[in-house]
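This report covers a sheet, the helix packed on it, and the nonpolar cores.

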Amino acid sequence: MAKTSEKIPYKIYLNESEMPKAWYNLRADMKHKPAPLLNPETMQPITLDELSAVFCRELAAQELDDTTPYIEIPSEVLDFYKMYRPAPLVRAYCLEEKLQTPAKIYYKFEGNNTSGSHKLNSAIAQAYYAKKQGLKGVTTETGAGQWGTALSMACAYLGLDCHVYMVKCSYEQKPFRREVMRTYGADVTPSPSETTAVGRKILAEHPGTSGSLGCAISEAVEAATSQEGYRYVLGSVLSQVMLHQSVIGLETKIAMDKYGIKPDVIIGCAGGGSNLGGLIAPFMGEKLRGEADYHFIAVEPASCPSLTRGRFAYDYCDTGKVCPLSKMYTLGSGFIPAANHSGGLRYHGMSSILSHLYDEGLMEARSVEQTRVFQAAQGFARVEGILPAPESSHAIRVAIDEALKCKETGEEKTILFGLTGTGYFDMVAYGKFNDGLMTDYIPSDEELATGFAGLDEIPVNK
Ligand SMILES: *Cc1c(COP(=O)(O)O)cnc(C)c1O
């Protein structure tokens, strides 16, 4: 019990007045900028006008802006943030005690809102700019359902139409997610669907497919570009999303500075890279400017290993090849993760910013198998009182691994990880784990080769 007498509280909350007023654009501090997005028709860097046909104007501008370090958070967005932020920075005393580790463990908890994840931070920003432009509504895809829920909430708040293409296997596995979105007024379609040309094409080529994020993105883009007054919005991968998610890292940094805490290791799960990118942004900025050093670890599923086994190449962000191309670590836009894969983090590619930092050796990446992820989730839930999302539990797994390493070496490292959300809608997966029926799947090199073959056909990769 000695530890509880230390002066760091269990939860560090900021006052409203201490909340960040601007997002931080890490690209401004990168000497070598990420490669530009390419127009899929011309294979040339995409222009603001071209990008504005897909995204609303201000978001397209943010997407292309790699020089402005701070971008003011509009006061309407800040007001919305105040409903569920600041998010607590928690000292995991109980987990430390259970592990008997000399390490100090902190996590930033982003699950304190109905969407149950950090995705609301960007959903409200994207919906705000769409509303400001006078649009009728937005279309999007959702995999596990958190992004669709977050966007539905933001659209309901601002009075915008919201059409969500939900990956078919999630639509079937997570009926309650669907109903939350409908409660917030969204229109939800299982993807691939017969409602778009690209959906019909994918269904004809792969009858009975359970869908993928890449397919759902193509459908959502088509739905947006074929209707007057609609634009497409995306919950991860893009640089604008990472910009909005920088609020996670900025709050964390303010809270840590307040108590003189300096993390040694910073860990986050990586799907498309937005929470990890947002959490590490201000810390990576310090590292890039030579002011401090940190050990960053991206954690991804062994069944969808874009950083650890992917290629750094130009790729389409979607299966239908209608989105701009991004230079990133990717498994190929045709890659579809194994059906036994339970948690989110199913995307074939990775944020171009994180891909670039990883390529330059500024960040480590690890892949973990899902049964070990759920073991960590269960252990964490039992001592810290929060039922974590499977996605977040990838970060928990590696935080525990690092803390156990400290136990062996006696090092008193300070470990920070992002707890991106709660897992109440993932009880089918937890059930499988509890019944001992969960299995691991690691794709073979041959299986990955199919996705890579598509990359070789892209002219700019030749
Ligand atoms: C979407 C999601 C992720 C992964 O997305 P990133 O863009 O990589 O952050 C992680 N955790 C939760 C809870 C999510 O909803």
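Four strands form an open sheet in the order β8-β7-β6-β9, with parallel pairing. Two strands count as paired if DSSP finds at least two bridges between them; helices (H or I, at least four residues) and strands (E, at least two) are DSSP runs numbered from the N terminus. Because β8 and β9 stand at the edges with a single partner strand each, one side of each is left without a neighbour in the sheet. The twist averages 25° from one strand to the next; axes are lines fitted to C-alpha atoms, for helices over the stretch in contact, and angles run from 0 to 180 degrees between N-to-C directions.

This is a predicted model, in which local features need pLDDT of at least 70, side-chain atom pairs count only at pLDDT 80 or more, and totals for chains, interfaces and linings use all residues. Residues are numbered from 1 along each chain as its sequence is written, and side-chain values use heavy atoms, without hydrogens and water.

Strands β6 and β9 run parallel and are joined by 3 bridges, and T139 has Y232 as its bridge partner in β9. Helix α6 packs on the sheet, touching β6 and β7, and its direction makes about 165° with that of β6. Contact means heavy atoms within 4.5 Å.

| Element | Residues |
|---|---|
| β6 | residues 137–142 |
| β7 | residues 161–167 |
| β8 | residues 187–191 |
| β9 | residues 230–232 |

The largest nonpolar core has 77 residues, and W23, Y81 and M363 have the most contacts inside it. Helix α5 (residues 120–132) gives the most to this core, with 8 residues.

Conventions
Core = buried A, V, L, I, M, F, W, Y, C linked by side-chain atoms within 4.5 Å. Buried < 20%, exposed > 50% of the residue type's maximum accessible area, 1.4 Å probe, protein only.
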